[in-house]
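Let's take a walk through this one together, with the model open beside you.

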Amino acid sequence: MFEFIEQARLAARALVEFSGHLFDPTIRLGVTGLSHAGKTVFITALVHCLLRGGRFPVFEALATGRIARAHLAPQPDDAVPRFDYESHVHALVAERRWPASTRQVSELRVIVEYQSQSGYQRKLTLDIVDYPGEWLLDLPLLTKSYEAWTAESLRLSRQRPRARLAADWHAHLATLNPEEAEDEQAALTAARLFTEYLKACRDEHYAMSLLPPGRFLMPGDLASTPALTFAPLELPSEGPAPTGSLWAMMRRRYEAYKEVVVRPFFRDHFARLDRQIVLVDALAAINAGPDAVLDLEGALAAVLDCFRTGRKTFLSALLRPRIDRILLAVTKADHLHHTSHDRLEATLKRLTERAAAKAEFAGARVDVVALAAVRATREATVRRGRERLPAILGVPVAGEVVAGETFDGETEAAMFPGDLPADATELFRNDENAFRGLGTTSPQNVDFRFLRFRPPVLEATESGVPTLPHIRLDRALQFLIGDRLI
Ligand SMILES: Nc1nc2c(ncn2[C@@H]2O[C@H](COP(=O)(O)OP(=O)(O)O)[C@@H](O)[C@H]2O)c(=O)[nH]1
Ligand SMILES: [Mg+2]
């Protein structure tokens with residue numbers, strides 16, 4: 001019954017959304033990725049491109065001059081925060097610093113006035129929805145019992161390298177008896193230690209990504225509600241939860257989490273998207289080492305699973321297949337010399353191979369790109385002895401340290417970041433020939449070095465309007481919206 005109501009509600013909404021736009025196209029574009037993947041920077045650069053133009057040869061409608069103008073308009077959803085474009089642009093362009101991070105869903109509407117290929121004046125309404133990729137990792141919970149989730153979370157937490165980070169939580173867990181009477185203080189402490197463990201896993205140094213429940217890391221306005229105050233328990237293998245027990249309490253809250261948090265997100269935001277870009281910070285994982293790369297692969301599989309809408313489960317009613325294009329994008333490609341960009345794309349392909357095949361099967365087109373929404377570096381060649389190495393040139397963010405030197409945020413530096421392996425499978429190996437990352441060796445010995453650079457100065461263009469430099473952002477735009485601007 002519930003599924004039927006959901007379905008009817010979505011169908012009615014789709015009809016309303018459709019009938020108003022018989023000629024003028026609309027696109028709801030979802031922008032997601034784990035924390036720090038580059039969502040805010042990507043959206044800011046995309047909107048800047050539409051409003052100001054720039055060098056985007058592969059984005060056909062813009063390159064051929066068919067886009068007359070674009071402007072921001074009030075968004076349709078009153079309960080969703082607005083994406084703060086103006087502040088983000090100001091940070092990037094005027095202050096040359098990266099925008100502050102945000103931790104919840106936000107939205108922005110852009111109206112693009114263009115001339116169709118047959119000469120008609122048209123308007124594209126582009127609604128951009130920015131939401132944390134962590135929330136997508138919650139989808140599997142909808143079909144999982146508390147007991148199954150508990151068993152899986154515990155198993156994962158006992159594997160290397162997580163086990164060390166889980167020590168405090170495991171120690172507290174050992175003092176709990178799930179069949180004893182429910183106890184709010186025990187639940188609070190367990191939830192706090194469990195959340196600290198999840199946060200430690202996410203720590204940039206290890207970059208481990210496979211961490212439901214997503215709202216424990218990104219609570220938004222639900223922090224410290226009972227729906228977020230639960231944790232896994234060491235359960236007896238058999239038997240129902242005794243009435244009034246800690247086990248029963250945890251299970252009830254887990255179910256509440258699904259009803260109050262997970263389901264509304266998928267219904268109100270996810271199910272309404274037409275297009276999706278998934279941003280992936282593969283370089284941070286590569287920099288951390290094979291464990292983080294394997295984790296990222298797992299997290300991406302879970303994310304892409306959400307787009308597999310062909311399944312005959314109640315999820316397919318909740319997620320009526322609407323998304324017809326999915327772009328997987330490795331971000332921050334400006335950290336590598338362009339000779340490595342194809343290898344970076346190959347790495348992302350390898351990371352998402354199995355999962356992408358499934359999504360394609362469900363009728364969505366999937367593409368992969370390595371991009372930098374904002375290009376913070378230039379390229380150069382440096383001599384090291386007799387060798388000439390392809391290097392990148394940029395202003396490291398104040399406080400970055402290389403070879404004992406601390407940068408002040410004003411001085412430019414050339415660096416050789418390292419080569420990605422020709423064969424991406426090396427990144428997943430865990431033996432002595434494996435690609436070395438921070439998780440297994442000291443910063444001096446890593447095979448790939450990641451340095452944060454300040455945003456660039458604007459680039460002069462033929463049109464006279466200075467714009468933000470980028471790498472392959474035009475390719476991303478062509479894939480995501482180019483076909484609707486015809
Ligand atoms: N060099 C470079 N750094 C980027 C780029 N995009 C994001 N970053 C870095 O990644 C950080 C996180 O980006 P942000 O957009 O806030 O990530 P979000 O959490 O997914 O919204 C930024 O503060 C930048 O340091 C890019 O295109 N180039
Ligand atoms: Mg953000």
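Arg96 is partly exposed, because its relative accessible area is 21% and the buried class covers only values under 20%. Keep in mind that this is a predicted model. To find Arg96, look in the loop between α4 (85-94) and β3 (106-115). Its backbone deserves a glance too: phi of Arg96 is near 50°, a positive value in a residue that isn't glycine.

You'll find His36 in the loop between β1 (26-33) and α2 (39-52).

His36 also takes us to the ligand. Which residues are closest to ligand 1? They are His36, Lys39, Thr40, Val41 and Asp334, out of 17 residues that surround ligand 1. Sort that shell by residue class and you get eight nonpolar, five polar and four charged residues.

Next, zoom in on the polar contacts. On the oxygen side, an N or O atom in the side chain of Lys332 sits 2.9 Å from an oxygen atom of ligand 1. A polar backbone atom of Ala37 is 3.3 Å from an oxygen atom of the ligand. As for nitrogen, a nitrogen atom of ligand 1 lies 3.0 Å from a backbone N or O atom of Val374.

How much of ligand 1 does the protein cover? Taken on its own, ligand 1 has 580 Å² of accessible area, and the protein covers 94% of that.

Conventions: Residues numbered from 1 in each chain as written. Chains lettered and ligands numbered in written order. Predicted model: local features only at pLDDT ≥ 70, side-chain atom pairs only at ≥ 80, totals over all residues. Heavy atoms only, no water. Helix = DSSP H or I, 4+ residues; strand = E, 2+ residues; numbered from the N terminus. Buried < 20%, exposed > 50% of the residue type's maximum accessible area, 1.4 Å probe, protein only. Near = heavy atom within 4 Å. Polar contact = N/O pair within 3.5 Å; in protein donor to acceptor, adjacent residues only side chain to side chain. Areas by Shrake-Rupley, 256 points an atom, 1.4 Å probe, with all protein chains shown as cover. Nonpolar A, V, L, I, M, F, W, Y, C, P; charged D, E, K, R; others polar.
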